[in-house]
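Here is a short briefing to read alongside the sequence and the model. Please keep both in view as you go through the points.

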Amino acid sequence: MTEEEKWFKPHMYLGLSVIENPPRYGEGYRKLLAEAMNMNRSRILAFKNKTPPRVELFPSNFSSDKHTESNPPKAQRRYISQSADRTLDAPYLMDDYYLNLLDWGSSNVLAIALANTVYLWDATDDSTWELATFEDERGPVTSVNWAIDGRQIAIGLNNSEVELWDTTASSHVITLRGCHRSRVGSLAWNNHILTTGGMDGRIVNNDVRIGSHIVVETYRGHEQEVCGLKWSASGQQLASGGNDNLLHIWDNRSYSRTQWLHRLQDHTAAVKALAWCPFQRNLLASGGGGNDDRCIKFWNTHTGACLNSVDTGSQVCALLWNMNERELLSAHGFTQNQLTLWKYPSMFRIAELTGHTSTVLYMTQSPNGCTVASAAHETLKLWNVFGDPKEVKPAPKADPEPFAHRIR
């Protein structure tokens with residue numbers, strides 16, 4: 001028995017043979033991993049439980065505190081399951097706060113990166129397939145992000161490259177090289193512009209309309225890894241968060257497009273969680289990591305003013321706005337590893353969704369805005385937290401100009 005085979009033991013929880021504490025990521029390890037994946041592919045993104053019964057959002061014994069709203073109108077009540085509707089296996093999901101390994105596209109296909117492989121799960125028929133696997137010299141995969149068409153997907157790699165794939169044909173389109181010097185942990189699309197953020201602190205806009213790619217702009221403002229990137233719905237402003245505790249707002253309408261509009265330094269830990277408000281254009285929510293930050297902050301991105309700061313009590317890893325109600329969902333780490341649903345702007349805690357056993361590092365939502373997928377430690381959970389798709393109301397109209405201040 002070789003040294004690497006000694007580390008290869010059955011793991012009954014996942015129904016897979018996995019490598020426990022491998023001594024190194026060598027050729028032998030890669031072969032054993034490939035064998036395990038091929039022999040047990042039925043366990044990748046396989047359901048582990050059935051939908052639990054729903055419980056009332058505001059049970060009769062719900063206690064109130066200084067943050068609660070008394071007697072919410074009956075019309076605002078709805079049912080929210082306190083447990084995940086479904087749980088899927090996601091073996092080899094990397095436990096790395098600074099990466100972005102989960103995204104749900106407009107064609108209702110969810111992408112997840114597991115080690116060196118990107119898998120796709122079609123929510124309409126529960127089918128799962130492997131899109132791409134990368135060599136050890138290039139991997140692991142460090143980020144995934146769907147284009148707005150739900151057909152093309154960008155894949156960031158540990159070796160600083162980014163690949164663009166056509167998922168309908170399962171074919172590679174182009175490879176972006178030379179933009180970064182190290183891994184690419186964050187990606188964001190703005191129409192035909194693919195924005196990439198790397199461990200080198202650079203942010204690069206790439207025009208990918210032709211057979212190759214053209215670097216349009218390079219933003220330099222972060223001193224450490226860029227772990228959060230989000231374009232506003234209008235495509236005019238870009239928010240970037242980094243391991244240097246900085247949050248930058250970049251604006252396409254500025255005279256100098258590569259100079260930040262706002263450099264926000266209120267967070268005291270890495271800024272990964274970013275979410276643009278769907279009903280107020282220049283409102284941005286950002287979340288701070290550990291190191292005693294643990295705050296969700298709200299920003300007027302025209303003026304750079306911090307409108308509110310809420311201490312959540314634990315590391316904030318991801319944020320999602322409800323597209324149909326004025327609510328915000330946050331994903332957390334130690335100690336409860338929960339999802340928290342907040343009423344905006346009061347920041348009343350509507351619900352605490354538990355079930356993950358480790359930090360909830362990744363979170364995304366379905367195209368209809370109702371279902372949320374969260375991932376932590378080899379497990380992917382689906383939550384019907386934002387309402388029943390059959391009962392979804394039209395999304396609130398965005399305020400045309402909620403703040404009077406404009407850029408000059």
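**Ser 186 and its surroundings**

Beyond its neighbours within four places in sequence, Ser 186 is in contact (heavy atoms within 4.5 Å) with Asn 100, Ser 143, Thr 195, Thr 196, Gly 197, Val 226, Cys 227, Gly 228 and Leu 229. This is a predicted model, in which local features need pLDDT of at least 70, side-chain atom pairs count only at pLDDT 80 or more, and totals for chains, interfaces and linings use all residues. Residues are numbered from 1 along each chain as its sequence is written, and side-chain values use heavy atoms, with hydrogens and water left out.

More on this residue:
- Ser 186 sits in strand E12, residues 184-190 (strands, E, at least two residues, and helices, H or I, at least four, are DSSP runs numbered from the N terminus).
- With a relative accessible area of 1%, Ser 186 is buried (under 20% relative accessible area; exposed is over 50% and partly exposed in between, with a 1.4 Å probe and protein chains only).
- A polar atom of the Ser 186 side chain lies 3.1 Å from the backbone oxygen of Val 226.
- Gly 156 is 30 residues from Ser 186 in sequence, with 7.5 Å between their C-alpha atoms.

**The largest pocket**
- The largest pocket holds about 1400 Å³ of space (on a 1 Å grid over the protein atoms alone, a pocket is an open set of points where a 1.4 Å probe fits, with protein on both sides within 12 Å along at least five of seven lines; lining residues have an atom within 4 Å of a point).
- Its lining has 47 residues, and Asp 103, Asn 145, Lys 230, Trp 231 and Gln 365 lie nearest the centre.
- Strands that each supply at least two lining residues include E12, E4 (102-104), E8 (141-146) and E16 (226-231).

**Aromatic pairs**
- The structure holds nine aromatic pairs (rings of Phe, Tyr and Trp, the last by its six-membered ring, with centres within 6.5 Å; planes under 30 degrees apart are stacked, over 60 edge-to-face and the rest tilted).
- Phe 298 and Tyr 344 form a tilted pair, because their ring centres are 5.1 Å apart and their planes at 45 degrees.
- That pair links distant parts of the chain, 46 residues apart: Phe 298 is in strand E22 (residues 295-300), and Tyr 344 is in the loop between strands E26 (339-343) and E27 (348-353).
- Phe 298 and Tyr 344 are both buried.
- Ring pairs join Phe 279, Phe 298, Trp 321 and Tyr 344 into a cluster.

**The whole chain**
- The protein chain has one helix and 30 strands.
- Of its 408 residues, 55% count as buried.

How values were computed:
A polar contact is a pair of N or O atoms within 3.5 Å; within protein, one must be able to donate a hydrogen and the other to accept it, and residues adjacent in sequence count only if both atoms are side-chain atoms. Grid points are joined across faces, edges and corners, and a volume is the space filled by probe spheres set on the points.
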